[in-house]
Amino acid sequence: MPIANQDPVAVSATMDNPDICPPAHLLPAGATGSRRKRLWDLGTHCHCPLVGVSLPMEVLRRLVNKSLGAQAVANDYEVHAGAVAEAARRCKLSELMQAELESRYVREIQAFKAAKSSLAVAELWVNHLKAGDVAGAFWAALTHPRCDAALQDAMCKDLHMFQHQAGAGVRLEIARFNALAHENAVLTRELGKVQERISRVMVQKTAELDRVQAELLRLRAESIAKDSRLAFWAQDYAELQASIPQLDERQRLQKRIEQLLLRQEEQDQLLADCRRKLQVAERSLLERARPERMDTSAVMGVEGQQVPVRFDHKVVLCVGGRTGNVANYRDVVERVGGRFAHHDGGVEDNAAVLDANLAAADLVICQTGCISHNAYWRVKDFCKRTGKQCVYVESASASSLERKLQTLSTPVVQDEFPEESS
């Protein structure tokens, strides 16, 4: 019986009861109910694209196995065809597919609830179709209360074309995938070669690292041994220091001696420079005074029968005298051809060296005015015992020494040993 000839109250009750709600193509075009359609309420031409797009194959096979209570042995096409056939009526499998679709596409269902007309449903469908999100939108739009038969047909046509385009895109993607797979295989082979080289390098580096670590351990052991020896030496040195009395004072004196030796070298160098300058100045004075001295010597040679004394490189030892006049004494002795030697008489020079100096001298000059009593008596006793010639000079000046040496040129006093008390 057509729905238009039925009682309106009965039709309303039928629409409100989901178990006896008629299919959508049997509802009047102006229906305004708010109850969403069920899977088995849709037209049979909607079941195939809906099951194929909105239910993934593994999910559909799981639902079929659950409805059968056993493992389905059919292929994917047979499972799909059986599910499409069962979706046209209310049964266990259709109820399982209904529950799965409702729970899977809650977000899309909530989005389509805002549509209050067929045009609004169509606009939402077009937006999802352009975005490529058709699985949930197809289910939400088909089951919407405002989705009429014309909109269902249009949506099925849109989905049919979308699947064609998706198939073409899939073929392109498959070709691109195959190219990428080939490139991946080439890169995998290259990666294998690189990994093999890296493995060899890693083995070499590991061996080298082991060698370096072994060398490091050896060097650390040597360092520890050296540190131990240094510690033992430091302990021995500390014990040696403790065993030597007044070590600090001796070290201080040693440093002082080294400083004094350095200073003495500097002073000796300075003294040598002064002596050279003095000799140059005295030679200049002697050269200027030579004519006058030659005249005086000629006169004395005639009148007093005196001839300048010459020592012919004999050693002349001067004992005592002023330290500042030693250079002058040296000049006086060297001017008459002698080799000068000096001993201060025990002031700074060691008195034990005096005997050795006396033994090496050919002539001894004793500065009685600037000499210690001990040195004077040692000089006097040595010269008497050995018969060595000794000249005693009271004044410490160089002129007195020169005059005393001049007396040695006279025949009367040349072989005498004058003595003067100190």
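Predicted model: local features only at pLDDT ≥ 70, side-chain atom pairs only at ≥ 80, totals over all residues.
Which two helices have axes that come within 9 Å of each other, and at roughly what angle do they cross?

1. The helices in question are H11, covering residues 326-335, and H14, covering residues 398-407. Their axes come within 9 Å and cross at roughly 25°. Angles under 35 degrees count as roughly parallel, and H11 and H14 are therefore described as roughly parallel to each other. The crossing in which H11 passes H14 is right-handed.

2. The residues that make this contact can be named on both sides. Helix H11 contributes Asn328, Tyr329, Val332 and Arg335, while helix H14 contributes Ala398, Leu401, Glu402 and Leu405. Sorted by class, the contact of H11 with H14 has five nonpolar residues, one polar residue and two charged residues.

3. The second topic is the pairing of charged side chains. A search of the whole structure finds 18 salt bridges. One of them is formed by the side chains of glutamate 100 and arginine 62, with an N to O distance of 3.6 Å. Glutamate 100 lies in helix H5 (residues 92-104) and arginine 62 lies in helix H3 (residues 57-68), so this pair ties together parts that are 38 residues apart in sequence.

4. Arginine 62, with a relative accessible area of 44%, is partly exposed.

5. Another salt bridge joins the side chains of arginine 89 and glutamate 86, with an N to O distance of 2.8 Å. Arginine 89 is partly exposed, at a relative accessible area of 45%. Glutamate 86 is also partly exposed, at 24%.

6. A further salt bridge links arginine 107 to glutamate 108, and the closest N and O atoms of this pair are 2.9 Å apart. Arginine 107 is exposed, with a relative accessible area of 58%, whereas glutamate 108 counts as buried at 5% relative accessibility.

Terms used: Residues numbered from 1 in each chain as written. Heavy atoms only, no water. Salt bridge = Lys/Arg side-chain N within 4 Å of Asp/Glu carboxyl O. Helix = DSSP H or I, 4+ residues; strand = E, 2+ residues; numbered from the N terminus. Buried < 20%, exposed > 50% of the residue type's maximum accessible area, 1.4 Å probe, protein only. Axes fitted to C-alpha atoms, helices over the stretch in contact; angles between N-to-C directions. Parallel < 35°, antiparallel > 145°, perpendicular 65-115°, else oblique. Left-handed = near helix turned anticlockwise from the far one by under 90°. Contact = heavy atoms within 4.5 Å. Nonpolar A, V, L, I, M, F, W, Y, C, P; charged D, E, K, R; others polar.
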